[in-house]
Every structure is written in structure tokens, then in C-alpha cells.
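Notebook, opened on a new model. I want to look up its salt bridges and the shell around a ligand.

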Amino acid sequence: MKFAYYPGCSSTGTSADYEKSTRAVCRALGVQLEDIPGWNCCGSTPAHAVDTELSAALCARNLDIAARLGAEKLLTPCPSCLSNLRHAAHRMEDPAFRSRVNELLDEPCAETFPQTYSVMQALGDVFDTDLIAQRAGQKLKGLKLAPYYGCLMSRPAEIMRFGDPENPTLMENLLAACGAEVLDFPLKTDCCGASHGIPERSVTARLSGRILQMAQTMNADALVVACPLCQMNLDLRQRQAAKAAGTEFNIPVLYFTQVMGLAFGLSPRELGFEKLCVSPQPLLDKLAAARRTDASDRKVNS
Amino acid sequence: MDVINLVQARDPSFIQDVESESGQHVASCYQCGNCTAGCPAGFAYDMQAHQIMRGVQLGLKDQVLGAKSLWMCLSCSTCSQRCPNNIDVAAVMETLRHMARREGRVAVPRVNKFWLSFLDTVRYCGRTYELGVMALYMLRSLRVFTDVDLAPQALAKRKLDLIPHGAPDGGAEAVGRIVERYKKRCEREGVRP
Ligand code: SF4
Ligand code: SF4
């Protein structure tokens, strides 16, 4: 199975571990990702906050490249990129808007674009959970995980089409198929503070702090995320959030692909674990201990 | 909120402009406050989301376009999701941001400066370059990097590229041309890019 692939800018820096683990998990499942050549930034929040047509033009260039490749589906790991690409494709259905955007491009873009999906959605669509469960040889038994989608993955509902916009469950299904204990995380679609981390740090610290606090109260071994910006706010900025809340947190924040990769028996190195700021070692130790007990139980029983 | 003189402060065309630009029927807002109740950034707002909606209905252009809230909004769409009248409140907020910028009214300049710094790196590299964004933002805002506490970890974990990764295969140049055309058009049309 082959998909056109848009990695997004953070793939080379802040979320290189998401990128690595996404590719590793896709490889393990026999999914081929073909990078669209010469892709550019989708413009992220700043472009759409400044101008809708500029944002759409930046996205349209990428969608156009994917269309010219003849791709049916374009995947991206990042919900913010996905949101921008989908908004652009949706707005381009209006001919007046399209011609304003075309004016900004080198040449008018393709009439129709491939559909854009998040990697998570594509994996959920293509593989049923039984198949994922079969593939997950190294069950994650004993791990308590808090799934956190962030605000962009499922909203606005008409554009993102990701199940219930305030209670999506796809990640839960994937993690459960990997054998983990999945918490019913009440803040799963709340906002982490998004791109205000630099200019309005206190907003981000407060919102991320709420999420971390809840994960801590629920005794989660880790928060599991699908968004590079959420991951950065919750992991790299975890100490800022703790300071603002007058407490301490020690919660690893893993990408869902890193968790799936562990269940598939891939090594932490192959999944970019060394990039995580809050050490995942306690979680890895717990997993190893659970697996040892399992193995000795099996010996006793046989 | 201060007391407002509704006779003097109203601009009746404001609601029409906002509705046509955002595609949202702001008139149908009945002030239930659901948008505000779910807004994660409300604690940092000077006018709450439902007050902004009311301000638009009343034509309080000056006050609405001068609100800090427009810049503190996180575009999380919780408000839109929960509005019983299906108003995409987040889209209205975005339209108001665009209008405020065009009128040269940016109530929280540092957020705007951050966005412009981000877009500058995209313009030159075709892709985001985080260290470049921070450097430009520091210059623009004359603020010493507020995240110095993160630098050691970010660098040790190689979270930040020390050199920019430009978009290959002509991508960086193509993006440069898109931004150029956009700026020229803004000039032609007499709006602020
Ligand atoms: S989109 Fe903006 S106004 Fe609406 S809930 Fe989110 S932060 Fe508040
Ligand atoms: S949720 Fe909708 S109807 Fe209620 S106050 Fe907000 S915009 Fe108005």
C-alpha cells in the first residue's frame, strides 16, 4: 500500500522522533510513504491568522504537487498541517477564492486535489484493530496510557471528519489493540496552549499544566499524543508548566507511533526515544518487568 | 467592560462586513455564553467570546477590533463546536483579527510579531526554521528570548536545527514568489500585508 506523504516542517527538528517512529511503524505494517518532492511549509497558525488566501496558497502548492504525482491520498502526521491543507482544499471549491489563490501561484493549480488524512486516520481506516493486535507481538500489558488528541485533530468537525469532535476514540482503539490499559482521559480534546508558547508563555503553561495535572492524578504512565506542538508544549515545556502550577510533573509524553512501535517489538532507538525530554525509562522498566513476569508465568504454566 | 454610549459608538455596517467576510450569521447569536464557557483562553481575554459576538451585533467596531482577545485566541474551535446556533465563532474571531490588522490595530503586538517572524523564515526557506523564528522575534519584540531555560535541553536533544532546511527542488524559491505576489497584491489593493 502506498500513500503520498507530507512530513511537515517539524519533522526535521522538534518532532524528528515522530517522523522516525511514523516511518518505522508504517514500514512494519507494509505501508509505503512517498514524500511529495519539494514540499513547503503549510503556513501553520501564523499564515491563516494573517491571511486566508496566503495560507491557502502555501497549502495549494503542496496539494498541487501531490495531485500531479497522481496520488489518491495524501497523509501527514501533523494535525495542524492537516487542518490547513483541508481548509485550503475546502475553500478552493469556491471559484472566486480559487482564482484569488491561483494569482499567487506560479501557475494555476490542479482542479482536484487528493484527499488529505492524518497518519492516524489512515492507519485506523486501512487496518482493523484485530490486525494491529496480531501485529503487536510485544503487548503493552501493564502500561496505563492517557490518550490526548489536542484541539485540532477533530475540530472543526465538518472539515476534520474525525468521529465525535469532543470524544474521538480512534487512538484508544489503536492503543488497546497494542494491549495497553487506556484511560478515559477527560481532557483529550482540550487545547494545550498551541503556538502561544513563545509570545504568551503563561497561557500555554497554564493550559498544558491542566492536562499534565489530570494525567498525573489519573496515574498515567504516559500521555500519548499525535501532534508535534502538543508534544513540545507538554514535554519540553513540562517544567515551565509545573513551575506555573507550583508543583512537579514527571510524565513522559510519547507519540502514538512510538507506543505502537514498542508493541511491534521495535527498539526505543528506532523510535527516536532519545529525543524525549522527560525520560521514558520508568515506563520502559515497567514494561520490561511486566514482560518478565509474563514470561515466567508462561514457563510455570507449561 | 466600560459603559458604552450606544448612540455614538455604533457602526451599523460592521455586522454586515463581519458576516460577509466570515460567512457566519452573527445575528443569530442569542448570548447563551456556551462559547465563553468552553474557551480555554478566556482567562486572558479582555472581552469574552460572547461579548465579542454581542459587540459585533451592536456595531461596536472600535471596541471589538481593539480587543486583546482577538490575539489571545488559540483557534481551537471549541466555541464553534458548542454553539447551539451553529455559528463558527472561531471563524468570526479570525475574521476580526484580519480586519483589525488591516486597520492597523493590533492590541497584542508580541503575538503578531511572533507570527510575522515565523512567516519571514517561511518566505526565505520555504519551510519553518525555528531558531530563525526566535532570532527574528527577539529583534522585532526587543525581548530577550523568554525561553532561555529551555535552550540547553532543546539543544542537547537536538530539537533545534542549527542550520535551516530549505525546501529543495525549487520549493524555497517558489514560496518566495508566492509571498512576493501576496505583498504586491496587498500594496495594489491598499491593505496591510
Ligand atoms: S477558538 Fe478562540 S475563542 Fe474559540 S474557544 Fe478557542 S480560544 Fe476561545
Ligand atoms: S455559543 Fe453561539 S449563541 Fe451562544 S453566545 Fe456564543 S455565539 Fe452566541
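I call a residue buried under 20% relative accessible area, exposed over 50% and partly exposed in between, with a 1.4 Å probe and protein chains only. This is a predicted model, in which local features need pLDDT of at least 70 and side-chain atom pairs count only at pLDDT 80 or more, while totals for chains, interfaces and linings use all residues. Residues are numbered from 1 along each chain as its sequence is written, chains are lettered from A and ligands numbered from 1 in the order written, and side-chain values use heavy atoms, without hydrogens and water.

Entry 1, salt bridges. I took a salt bridge as a side-chain nitrogen of Lys or Arg within 4 Å of a carboxyl oxygen of Asp or Glu.

I found Glu19(A) bridged to Arg23(A) at 2.7 Å, N to O. Both lie in helix H1 (residues 16–28) of chain A, 4 residues apart; helices are DSSP runs of H or I, at least four residues, numbered from the N terminus. Glu19(A) is buried at 10%, and Arg23(A) is partly exposed at 25%.

I found Arg82(B) and Glu166(A) in a salt bridge, with the closest N and O atoms 2.6 Å apart. Arg82(B) sits in helix H7 of chain B and Glu166(A) in a loop of chain A, so the pair joins two chains.

I counted a residue as near if one of its heavy atoms lies within 4 Å. There are 13 residues around ligand 2, and Cys29(B), Cys32(B), Gly33(B), Cys35(B) and Cys83(B) come nearest.
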